[in-house]
Amino acid sequence: HLDRHSSLEAYAAAKARLAQLQHAEDTLVFSADDNWASSVSGEAHSKLFPFTTSGRPRGFENAAFVEDHPLVVLRDDREFCRIPLDLLSLASRSPIENALAASAAATRCGASADAIQRALEEFEGLPHRNHRRPLHNRAPFEVGLPVISRVNPGDLLLRIERHIHHK
């Protein structure tokens with residue numbers, strides 16, 4: 001997103017501002033693996049829905065995480081969804097944080113566990129995201145902040161929505 005922001009710092013400030021503008025009934029999906037995202041979430045007034053690749057996070061009744069190879073989603077402190085990683089499409093697994101964030105957001109939006117799993121199995125990625133490209137001549141791949149809501153898997157959410165409406 002650096003094409004829309006003047007610097008990484010400006011991008012971080014925009015992400016933090018989004019978290020600050022949320023209300024108590026909103027939900028902030030954030031990476032519990034990232035210190036910056038976790039610190040921003042600590043200042044949020046909304047419900048929190050962390051995702052992590054490091055097992056079940058403590059102190060949250062809603063979370064998405066990887067535990068012994070399945071992707072797991074908790075909803076109201078109960079296991080809502082458990083998907084073996086080998087069932088996920090390559091695009092859904094690369095990086096797995098996007099699948100975790102999309103699963104968290106979809107769960108919060110009322111998607112069924114089956115719809116989430118089918119979307120993650122079938123997701124093929126977006127054409128403009130299916131290749132690695134230089135970013136400002138600094139790295140051989142796209143880089144960004146470990147996001148507050150790495151939910152640019154909006155495309156994954158759209159696929160989940162299609163599964164909800166086409167039962």
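This is a predicted model: local features need pLDDT of at least 70, side-chain atom pairs count only at pLDDT 80 or more; totals for chains, interfaces and linings use all residues.

**Sheet**

I traced an open sheet of five strands in the order β1-β2-β3-β4-β5, and its pairing is mixed. The edges are β1 (27-31) and β5 (78-84), each of which pairs on one side only.

β1 pairs with β2 (residues 47-52) in the parallel sense, over five bridges. Val29 stands opposite Phe49 in β2.

**Helices on the sheet**

Which strands does helix α4 lie across? I found α4 (residues 96-108) across β1, β2, β3 (63-66), β4 (70-75) and β5. Its direction is at about 150 degrees to β2. Helix α5 (residues 113-122) lies across β4 and β5. I noted that α5 runs at about 25 degrees to β5.

**Glu67**

I moved to the loop between β3 and β4, where Glu67 is found. Is Glu67 buried, partly exposed or exposed? Its relative accessible area is 28%, so I logged Glu67 as partly exposed; the class lies between the cut-offs of 20% and 50%.

What does Glu67 touch, leaving out residues up to four places away in sequence? I listed Arg56, Val72 and Arg82. With Arg82, the Glu67 side chain makes a polar contact, side chain to side chain, at 3.4 Å. I also looked up Gly55, twelve residues from Glu67 along the chain: the two C-alpha atoms are separated by 4.8 Å.

Key: Residues are numbered from 1 along each chain as its sequence is written. Side-chain values use heavy atoms; hydrogens and water are left out. Two strands pair if DSSP finds at least two bridges between them. Helices (H or I, at least four residues) and strands (E, at least two) are DSSP runs, numbered from the N terminus. Contact means heavy atoms within 4.5 Å. Axes are lines fitted to C-alpha atoms, for helices over the stretch in contact, and angles run from 0 to 180 degrees between N-to-C directions. Buried means under 20% relative accessible area, exposed over 50%, partly exposed in between (1.4 Å probe, protein chains only). A polar contact is a pair of N or O atoms within 3.5 Å; within protein, one must be able to donate a hydrogen and the other to accept it, and residues adjacent in sequence count only if both atoms are side-chain atoms.
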